[in-house]
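This briefing looks at charged side-chain pairs and at strand pairing. Keep the sequence and the model open while reading.

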Amino acid sequence: MEWYKLVFKQNQPIHIGSTRWGVINETEVFIPGWTMWGALTNQFLIENEFKDIEKSKKIFERITNFYPMIGQEKEDHCQLQPLFPQYKGGIFSLGDYPEEEFKFKFVDTLVSTAVEPLLRSAKDESLHEFEYILPKSKLDSKEKSRKNNIDQLYWMGLIGFENDIHEKIKSFLKTHLKVYIGGDSKYGFGEMELLNLSIDVREELCEWNITENGTASIKPDFPLRQFFKFSNEIKFEGELKLLSEFDFTQNIPRVQEAGYFINVGSKFSDFNGIDLSKYRLIKGKFIELD
């Protein structure tokens with residue numbers, strides 16, 4: 001396989017569906033592989049007038065999760081390091097940022113409600129709060145802002161293609177390609193811009209838990225970069241997550257598949273004979289294929 005490293009600059013706030021608590025829709029703090037897969041596939045279909053839809057859905061499947069990098073606009077973003085997930089003292093973190101600290105710096109909340117026209121009061125049960133990841137830090141001072149030194153978010157991930165990939169795909173992944181993350185693009189959210197495309201990044205695959213042919217390569221006590229399908233045989237430190245993949249081609253989205261996965265940032269302590277070569281990377285998840 002041929003592996004590419006993609007670096008996107010975040011241009012607009014993005015909301016990555018995570019959990020809903022009452023009226024609050026929380027956002028995830030990294031971009032799952034299936035979310036980036038959906039954004040790339042959708043943009044590719046638009047540019048190709050929605051030809052060969054089923055075939056196009058498989059083109060971008062060998063994709064990792066995308067993790068944030070913090071830099072400044074005038075800085076060489078190619079030298080930045082992604083904030084990989086890990087558990088520090090039992091707390092989920094991105095690099096050295098505990099999740100709550102990252103949110104405190106980069107996540108804001110949009111509050112909306114429907115109003116009764118005559119009474120000029122909020123309608124019952126219409127309050128909604130959405131969390132959004134901001135493209136730039138909200139904590140930087142006005143002095144730093146004047147000097148254009150505000151911390152900017154970039155996102156890095158890998159994607160693999162078969163060696164006989166069509167030239168149309170290579171020309172599609174061009175610098176300044178714009179994709180839209182999340183379901184709020186019609187409100188002016190979600191735009192990301194491809195800044196850098198690195199080809200032949202085989203020396204970096206191990207850092208992302210991947211072999212050259214797209215199977216799992218995981219060392220004991222090394223934090224997971226991708227979700228791993230849960231098995232009773234595996235002993236690990238971290239947590240389980242119930243992940244669902246939806247089909248949004250229907251008027252009412254329906255669940256295509258769901259299952260328990262070992263969360264990114266977790267560590268395996270014992271594989272108990274599990275054959276990792278049977279687990280392949282599909283949309284940010286390692287899944288055992290028949």
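The structure, a predicted model, holds ten salt bridges.

**Salt bridge E28–K241**

- E28 and K241 form a salt bridge in which the closest N and O atoms are 3.5 Å apart.
- E28 sits in the loop between β3 (24-27) and α1 (33-47), while K241 belongs to strand β17 (residues 240-247), so this pair ties together parts that are 213 residues apart in sequence.
- E28 has a relative accessibility of 9% and therefore counts as buried, because buried means under 20%.
- K241 has a relative accessible area of 24% and is partly exposed.

**Salt bridge E212–R202**

- E212 pairs with R202 in a salt bridge, with 3.7 Å between the closest N and O atoms.
- Both E212 and R202 lie in the loop between β14 and β15 (227-229), so the pair ties together parts that are ten residues apart in sequence.
- E212 counts as partly exposed at 38% relative accessibility, and R202 counts as partly exposed at 45%.

**Salt bridge D96–K88**

- A salt bridge joins the side chains of D96 and K88, at 3.4 Å from N to O.
- D96 is exposed, because its relative accessible area is 60% and exposed means over 50%.
- K88, at 37% relative accessibility, counts as partly exposed.

**The sheet β5-β6-β7**

- Three strands form an open sheet in the order β5-β6-β7, and their pairing is antiparallel.
- β5 (85-88) and β7 (97-98) are at the edges and have a single partner strand each, so one side of each has no neighbour in the sheet.
- β5 and strand β6 (residues 91-94) run antiparallel and are joined by four bridges.
- Q86 has S93 in β6 as its bridge partner.
- In a regular strand, side chains alternate between the two faces of the sheet.

**Strand β14 and its partners**

- Which strands pair with β14 (residues 191-199)? Strand β1 (residues 2-10) pairs with β14 in the antiparallel sense over seven bridges, and strand β13 (residues 178-180) is joined to β14 by three bridges, also antiparallel.
- Within the pairing of β1 and β14, Q10 stands opposite M192 in β14.

Definitions and conventions
Residues are numbered from 1 along each chain as its sequence is written. This is a predicted model: local features need pLDDT of at least 70, side-chain atom pairs count only at pLDDT 80 or more; totals for chains, interfaces and linings use all residues. Side-chain values use heavy atoms; hydrogens and water are left out. Two strands pair if DSSP finds at least two bridges between them. Helices (H or I, at least four residues) and strands (E, at least two) are DSSP runs, numbered from the N terminus. A salt bridge is a side-chain nitrogen of Lys or Arg within 4 Å of a carboxyl oxygen of Asp or Glu. Buried means under 20% relative accessible area, exposed over 50%, partly exposed in between (1.4 Å probe, protein chains only).
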